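This briefing is for a reader who is meeting the structure for the first time. Please look over the sequence and the model below before turning to the notes.

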Amino acid sequence: MRTYFARQHYLIDYALAALLRRKTRNLGLLLVYILLVFLFASVLLLSQGLRREAAILLQDAPEITVQRLVAGRHDLLPIQDLEILRRIRGVGEVRGRLWGYYYDPVAKANYTVMAAPERNLANDRMLIGAALAGVRQLGVGDVLSLRAADGTPALFKVAEILTSTSELLSADLMLVSEAAFRTLFQLPPDRYTDATLTVRNPREANLIAQKISLALPSSRPLLRSEILRTYHAVFDWREGLTFLCLAPLLLAFLVLAWDKAAGLSPEEKREIGILKAMGWETGDILRMKLWESALLSLTAFLVGYLLAWWQVFHNGGRLFAPVLRGWSVLYPDFRLTAAVGLDQILVLLAVTTLPYMIATLIPGWRASITDPDAAMRG
Amino acid sequence: MLTGLFPHLRKATVALGLLAVLLLLFTLTLADSAWHTGQTHHAANRALVRELGLTDLSLFTEARYTRHPSQTDRHTAFQDHPAALEHFPTGSLMLPPQLKFAP
């Protein structure tokens with residue numbers, strides 16, 4: 001066993017010396033390799049982190065949300081419909097929600113305005129998200145003037161800024177009292193934006209949604225499972241699209257690696273011929289080549305992955321923020337909790353390292369089975 | 001470089017040592033992820049979701065249908081006028097809601 005390890009040690013020594021002999025070329029390859037792994041791992045980790053965050057946070061989303069549709073468009077829900085929903089067997093608590101959007105021409109941003117009855121806010125007080133406070137440079141006690149639906153100014157004093165740790169949920173939120181909401185949007189007192197309900201037996205959610213569709217034919221029930229599925233699909237899709245954009249980079253790298261590894265230079269062929277003439281076996285040459293490619297590709301994979309991990313979970317994924325942000329003015333400043341799926345990382349490892357190792361081994365094997373004399377003569 | 005500082009060190013020892021450090025860091029990232037799985041620091045945010053009945057993350061705030069993708073219809077992105085094209089960058093990068101009772 002000791003001899004085996006000593007032998008491997010010498011082979012690694014030799015492989016490193018061979019790599020260092022072509023220092024510039026191999027260093028360039030290593031840097032490109034690291035960049036490739038970094039980009040793919042960043043997308044993978046960011047999507048995984050967001051998927052997990054959405055799954056954790058939205059597991060407490062309303063079991064069923066009921067919207068009213070008129071001519072295929074979302075309409076306000078009459079208060080009488082809440083009573084009809086309460087009468088459906090299996091339905092627990094029914095709450096009417098008041099929420100909407102307010103476009104602020106000053107910041108050129110859309111805010112989500114919500115009534116928060118549990119907060120017992122005075123009619124001229126509001127709670128705002130941290131990103132909104134940042135964009136409008138507001139602090140506690142400052143006054144924000146909004147334009148009500150009837151054109152009159154509505155003044156609100158900032159009572160509190162929602163904690164920055166909740167920014168992924170509340171970046172653009174503006175919480176007001178129910179009366180203030182109705183005044184701001186000139187909403188009749190017998191209308192709600194939509195309704196949320198709890199279900200006594202969660203396994204019956206689907207059945208109850210069907211009952212709702214029968215009881216209120218012009219309504220649309222949205223299940224919590226659909227919300228979770230939507231988010232899963234959103235991040236899967238984005239991940240796929242970004243991978244598609246990165247695919248040319250991967251192909252370019254594969255061509256580069258193939259060119260570097262497959263086309264053994266005459267010196268490398270002569271080197272292998274000399275080794276064979278000195279008594280090296282084909283197996284030793286293959287092992288040396290394997291070490292050479294493994295050292296390079298594993299180092300690139302680990303460095304690229306670790307950089308991506310730091311970038312996504314400790315630097316807020318700033319590199320990919322523009323992709324997520326689009327034209328948004330308000331963008332949450334969030335820290336994702338580390339979420340790494342070992343299976344996906346192993347797939348990434350296989351996709352990025354195996355082709356390179358194979359591309360290095362095959363020409364090495366070809367050169368090592370030729371006659372040493374022929375190999376040395378080129 | 002290290003072999004220059006420590007002449008008795010072989011190149012292979014240095015390379016394997018570096019690789020071992022990188023592998024250790026890699027394992028630590030996996031352990032960190034596993035450790036966070038059992039954490040309950042989302043409690044305050046989950047309470048906010050329960051209190052307000054929130055349905056969406058405020059990640060894409062540029063258009064109404066991207067701010068609340070779970071609450072929109074498949075055609076919302078094209079609602080401005082007949083034959084309207086969807087033009088927000090986020091909208092072109094996300095799937096429509098996955099609804100069972102969707103129109």
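## Where the two chains meet

Five salt bridges cross the interface of chain A and chain B. Helix α8 of chain A (residues 224–262) gives the most to the side of chain A that touches chain B, with eleven residues. The model is a predicted one.

**The interface of chain A and chain B**

- In this interface, 88 residues of chain A are in contact with 61 residues of chain B.
- About 6900 Å² is buried between chain A and chain B, and carbon and sulfur atoms give 63% of that area.
- Polar contacts across the interface of chain A and chain B come to 24 residue pairs, both residues being at pLDDT 80 or more.
- By class, the side of chain A that touches chain B holds 53 nonpolar, 18 polar and 17 charged residues.
- One salt bridge between the chains pairs B:Arg10 with A:Asp13, and their closest N and O atoms are 2.7 Å apart.
- Another salt bridge pairs A:Asp172 with B:Arg67, where the closest N and O atoms are 2.7 Å apart.
- A:Asp172 sits in the loop between α5 (167–170) and β10 (173–176) of chain A, while B:Arg67 belongs to helix α4 (residues 64–67) of chain B, so this pair joins two chains.
- Both A:Asp172 and B:Arg67 are buried.

**The two domains of chain A**

- Chain A is divided into domain 1, made up of 2–57 + 230–377, and domain 2, which covers 64–222.
- The C-alpha centres of domain 1 and domain 2 of chain A are 49 Å apart.
- Where these domains touch, eight residues of domain 1 of chain A are in contact with 14 residues of domain 2 of chain A.
- The two domains of chain A bury about 800 Å² between them, with 83% of it on carbon and sulfur atoms.
- A:Val329, A:Leu330 and A:Pro332 supply 62% of the area that domain 1 of chain A buries against domain 2 of chain A, more than any other three residues.
- The interface of domain 1 and domain 2 of chain A has zero salt bridges.
- One residue pair is in polar contact between domain 1 and domain 2 of chain A, with both residues at pLDDT 80 or more.
- The side of domain 1 of chain A that touches domain 2 of chain A has six nonpolar residues, two charged residues and no polar ones.

**A:Gln67, a buried residue in a strand**

- A:Gln67 is part of strand β1 of chain A, which spans residues 64–70.
- The relative accessible area of A:Gln67 is 0%, so this residue counts as buried.
- The side chains of A:Gln67 and A:Arg220 are joined by a polar contact of 2.6 Å.
- A polar atom of the A:Gln67 side chain also lies 3.0 Å from the backbone oxygen of B:Gln71.
- Leaving aside residues up to four places away in sequence, A:Gln67 touches A:His74, A:Asp194, A:Ser218, A:Ser219, A:Arg220, A:Leu222 and B:Gln71.

**Salt bridges in the whole structure and within chain A**

- Over all chains, a search of the whole structure finds 20 salt bridges.
- A:Glu83 and A:Arg86 form one salt bridge, with their closest N and O atoms 3.3 Å apart.
- Both A:Glu83 and A:Arg86 lie in helix α3 (residues 79–86) of chain A, three residues apart, which is about one turn of the helix.
- A:Glu83 has a relative accessible area of 38% and is therefore partly exposed.
- A:Arg86 is also partly exposed, because its relative accessibility is 39%.
- The side chains of A:Arg191 and A:Asp190 meet in a salt bridge of 3.5 Å, N to O.
- A:Arg191 is partly exposed at a relative accessible area of 27%, and A:Asp190 is partly exposed at 31%.
- A:Arg7, A:Asp284 and A:Arg287 are joined into one network by salt bridges that share partners.

Technical notes: Residues are numbered from 1 along each chain as its sequence is written. Chains are lettered from A and ligands numbered from 1 in the order in which they are written. This is a predicted model: local features need pLDDT of at least 70, side-chain atom pairs count only at pLDDT 80 or more; totals for chains, interfaces and linings use all residues. Side-chain values use heavy atoms; hydrogens and water are left out. Helices (H or I, at least four residues) and strands (E, at least two) are DSSP runs, numbered from the N terminus. Buried means under 20% relative accessible area, exposed over 50%, partly exposed in between (1.4 Å probe, protein chains only). A polar contact is a pair of N or O atoms within 3.5 Å; within protein, one must be able to donate a hydrogen and the other to accept it, and residues adjacent in sequence count only if both atoms are side-chain atoms. Contact means heavy atoms within 4.5 Å. Buried area is the accessible area (1.4 Å probe) that two parts lose on being put together, summed over both. A salt bridge is a side-chain nitrogen of Lys or Arg within 4 Å of a carboxyl oxygen of Asp or Glu. Ala, Val, Leu, Ile, Met, Phe, Trp, Tyr, Cys and Pro count as nonpolar, Asp, Glu, Lys and Arg as charged, and the others, Gly among them, as polar. Domain bounds come from an automatic or database domain assignment.
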